[in-house]
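Work through these exercises with the sequence and the coordinates open. Try each task before you read its solution.

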Amino acid sequence: AIAIIDNYEKAIKGPMHFSFYEYRGSLWASNEKYENALKDYQKAYRIHKTKESISGLGLCYLFNKDYFNAESVFRDGMLSFDENLNFKKSLLQCLLLQERYREAVSLAESLLIVSPFDKDLLSLAGQIYRQLGNNDKAWENFLLLYLKGNAPKKDLESLIDIALIKKILSKAETFADEIIARKEEISKERLSNMVISFLQNSQTDKAEKWIAIASKQGKTEKLTL
């Protein structure tokens with residue numbers, strides 16, 4: 001498909017319709033050729049700004065860790081397509097990656113007022129609150145995300161960590177059990193923290209359970225003693 005568009009571009013000896021650049025850009029991106037995708041999306045964006053060219057260009061900048069230009073593109077998208085929540089969520093991600101947590105939390109809170117059950121927003125808000133050291137607010141967002149079902153592993157891991165801090169060991173085990181049920185692994189450090197927490201709470205049976213799980217995962221080095 002890329003070759004066909006390439007040949008067409010050579011034949012016309014001039015700029016193509018913006019949709020061809022968008023489509024070829026999407027093909028490059030799907031093959032993780034983000035530098036090539038970036039060039040096509042830039043051409044499409046200059047000719048005619050659409051939701052597709054803005055989204056594609058912004059995501060290419062994100063993959064290249066060019067957060068300044070990604071932010072600029074997504075802000076442009078917000079102005080051009082005010083109703084598009086995805087551009088606002090992408091901007092939120094840019095702020096998070098740039099560690100601009102105060103700006104990010106203000107945007108997250110305003111977006112959650114409009115879309116209080118959006119999974120992406122709940123996840124991003126939880127991450128931002130954790131970076132700000134507000135585990136209570138992070139817990140609220142991650143827990144609501146969990147209750148909606150199919151929470152990402154990274155958010156389940158955050159719930160485990162906060163549950164251990166809050167000493168709600170039964171909850172920590174619930175979230176860990178879900179990760180195991182998905183046939184995914186839990187980090188050695190997190191397993192160690194769970195075992196230690198159960199031992200400190202005199203729940204040796206629970207500690208033994210998670211040592212056994214660690215053993216199955218080949219992660220017993222720090223848990224042998």
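The model is predicted.

**Exercise 1. Describe the secondary structure of the chain.**

Solution. Count the elements: there are 13 helices and 0 strands. Then read along the sequence: the pattern is α-α-α-α-α-α-α-α-α-α-α-α-α.

**Exercise 2. Compare the radius of gyration of the chain with that of a compact globule of 225 residues.**

Solution. Start with the reference: a compact globule of 225 residues would have a radius of gyration near 17 Å. The chain has 23 Å. Next, look at the C-alpha trace, which spans about 75 × 40 × 25 Å along its principal axes. Buried residues make up 46% of the 225 residues. Among contacts with a separation of 6 or more, 48% join residues 24 or more positions apart.

**Exercise 3. Describe the surface and the charges of the chain.**

Solution. The accessible surface comes to about 12,500 Å². Carbon and sulfur atoms hold 52% of that surface. Now count charges: 33 side chains are positive and 31 are negative. The centres of the two sets lie 1 Å apart.

**Exercise 4. Find the buried residues of H12 and what covers them.**

Solution. Apply the cut-off: buried means under 20% relative accessible area. In H12, this gives Arg 190, Leu 191, Ser 192, Met 194, Val 195, Ser 197 and Phe 198. An α-helix has 3.6 residues a turn, so residues three or four places apart point the same way. Then look for the cover: it includes helix H10 (153-165), helix H11 (169-181) and helix H13 (204-216).

**Exercise 5. Examine the positive phi values of Lys 65, Lys 183 and Ser 202.**

Solution. Recall the background: most residues other than glycine have a negative phi. Take Lys 65, where phi is about 60°. Lys 65 sits in the loop between helix H4 (51-63) and helix H5 (67-80). Its relative accessible area is 63%, so Lys 65 is exposed. Move to Lys 183, with phi near 65°. Lys 183 lies in the loop between H11 and H12. With a relative accessible area of 78%, Lys 183 is exposed. End with Ser 202, which follows H12 and has a positive phi near 60°.

Note on methods
Residues numbered from 1 in each chain as written. Predicted model: local features only at pLDDT ≥ 70, side-chain atom pairs only at ≥ 80, totals over all residues. Heavy atoms only, no water. Helix = DSSP H or I, 4+ residues; strand = E, 2+ residues; numbered from the N terminus. Rg over C-alpha atoms; globule rule 2.2 N^0.38 Å. Buried < 20%, exposed > 50% of the residue type's maximum accessible area, 1.4 Å probe, protein only. Contact = heavy atoms within 4.5 Å. Areas by Shrake-Rupley, 256 points an atom, 1.4 Å probe, with all protein chains shown as cover. Lys, Arg positive; Asp, Glu negative; His and termini not counted. Charge placed at Lys NZ, Arg CZ, Asp CG, Glu CD.
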